[in-house]
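I opened the notebook to write down what I looked up, one topic at a time. The sequence and the structure come first.

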Amino acid sequence: MILDKETAKKTAELLLQINAIKLKPQEPFTWASGWKSPIYCDNRIVLSFPTIRNFIREHMARQVEELYGKPDVIAGVATGAIGIGMLVADYLNLPFIYIRPEAKKHGRQNKIEGQLEEGQTVVVIEDLISTGMSSLKAVDALHEANANVKGMLAIFSYGFDVSKENFKSANVELHTLSDYEHLIEQASQTNYIYQDQAETLQNWRKDPSNWAPTVSK
């Protein structure tokens, strides 16, 4: 869910500006899942641009407070959201932890890194939501540690139906700074993409697992 449309529009603009989001409808990317995709989002590049990372940090922090007040802890999902999660925690002057996709095989075999007490309230920070499965595994780890997860805030979401269903089933509230609709709108308005490319991008999202690029004859 988008909390502020102007923030969503500006976030999309900034991500396009630094090529954090790459659009290649004719030369699609291959995701780890095997899906062919005309879009690739790497929000970690935000950390290399101080002005933009500060914008993201401040707006995420403000939305955390607006939605949940001040939680006891901010949690980042490894690895993509460790950096931005730590920046949000610093802005709010709150403790920070991060959650690994799986427990370490050595040492203390931690899955959650940092200090977390039973019953503490936690807001989870993510960089990107696709299907939502990896993000929700992090929430599961927090529940196993008897934390009180208030919700999740991410920079960007593709808005897949499957992710909406997954978050609904898990009873986890998700908000994002920006999303796919605002991205396509912004990319079209600034001539970052042409109309036919916008149509391709919209068609891809309807059935991403089976999508294939149209080959010109």
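Which residue forms a salt bridge with Glu 13, and how far apart are the closest N and O atoms? I found that the partner is Lys 10, with 3.4 Å between those atoms. A salt bridge here is a side-chain nitrogen of Lys or Arg within 4 Å of a carboxyl oxygen of Asp or Glu.

Before going on, I noted that this is a predicted model, in which local features need pLDDT of at least 70 and side-chain atom pairs count only at pLDDT 80 or more, while totals for chains, interfaces and linings use all residues. Residues are numbered from 1 along each chain as its sequence is written, and side-chain values use heavy atoms, with hydrogens and water left out.

**Entry: salt bridges**

I looked up the total, and the structure holds six salt bridges. Glu 13 and Lys 10 both sit in helix H1 (residues 5–17), three residues apart, which is about one turn of the helix. Helices (H or I, at least four residues) and strands (E, at least two) are DSSP runs, numbered from the N terminus. Glu 13 is partly exposed because its relative accessible area is 30%, and Lys 10 is partly exposed at 33%. I wrote down the cut-offs: buried means under 20% relative accessible area, exposed means over 50%, and partly exposed lies in between (1.4 Å probe, protein chains only).

In helix H2 (residues 50–68) I found Arg 62 and Glu 58 four residues apart, again about one turn of the helix. Their side chains meet in a salt bridge of 3.9 Å, N to O. Arg 62 has a relative accessible area of 43% and is therefore partly exposed; Glu 58, at 22%, is partly exposed too. Arg 57, Glu 58 and Arg 62 are linked in a network of salt bridges.

I then checked Arg 100, which forms a salt bridge with Glu 113, the closest N and O atoms being 2.9 Å apart. Arg 100 lies in the loop between strand S6 (96–99) and strand S7 (112–113), and Glu 113 lies in strand S7, so the pair ties together parts that are 13 residues apart in sequence. Arg 100 is partly exposed at 24%, whereas Glu 113 counts as buried because its relative accessibility is 13%.

**Entry: aromatic pairs**

How many aromatic pairs does a search of the whole structure find? I noted twelve. Rings of Phe, Tyr and Trp (its six-membered ring) pair if their centres lie within 6.5 Å; planes under 30 degrees apart count as stacked, over 60 as edge-to-face and the rest as tilted. Phe 156 and Tyr 158 form an edge-to-face pair, 5.6 Å centre to centre with 85° between the planes. Tyr 158 and Trp 204 form an edge-to-face pair as well, at 5.8 Å and 80°. This second pair links distant parts of the chain, with Tyr 158 in the loop between strand S9 (148–157) and H5, and Trp 204 in helix H7 (residues 195–206), 46 residues apart. Tyr 158 and Trp 204 are both buried, and Phe 156 is buried too.

**Entry: Phe 167**

Is Phe 167 buried or exposed? Phe 167 counts as buried because its relative accessibility is 5%. I located Phe 167 in helix H5 (residues 161–170). Leaving aside neighbours within four places in sequence, its contacts (heavy atoms within 4.5 Å) include Ile 129, Leu 136, Met 152 and Leu 174.

**Entry: pockets**

A pocket is an open set of points on a 1 Å grid over the protein atoms alone, with protein on both sides within 12 Å along at least five of seven lines; lining residues have an atom within 4 Å of a point. Grid points are joined across faces, edges and corners, and a volume is the space filled by probe spheres set on the points.

The largest pocket has a volume of about 800 Å³. Of its 31 lining residues, those closest to its centre are Ala 32, Asp 127, Leu 128, Ser 130 and Ser 134. The second largest pocket has a volume of about 250 Å³, and Phe 167 is one of the residues lining it.

Notes. 1 Å grid on protein atoms, 1.4 Å probe; cavity = no way out; pocket = protein on both sides within 12 Å on 5 of 7 lines; lining within 4 Å.
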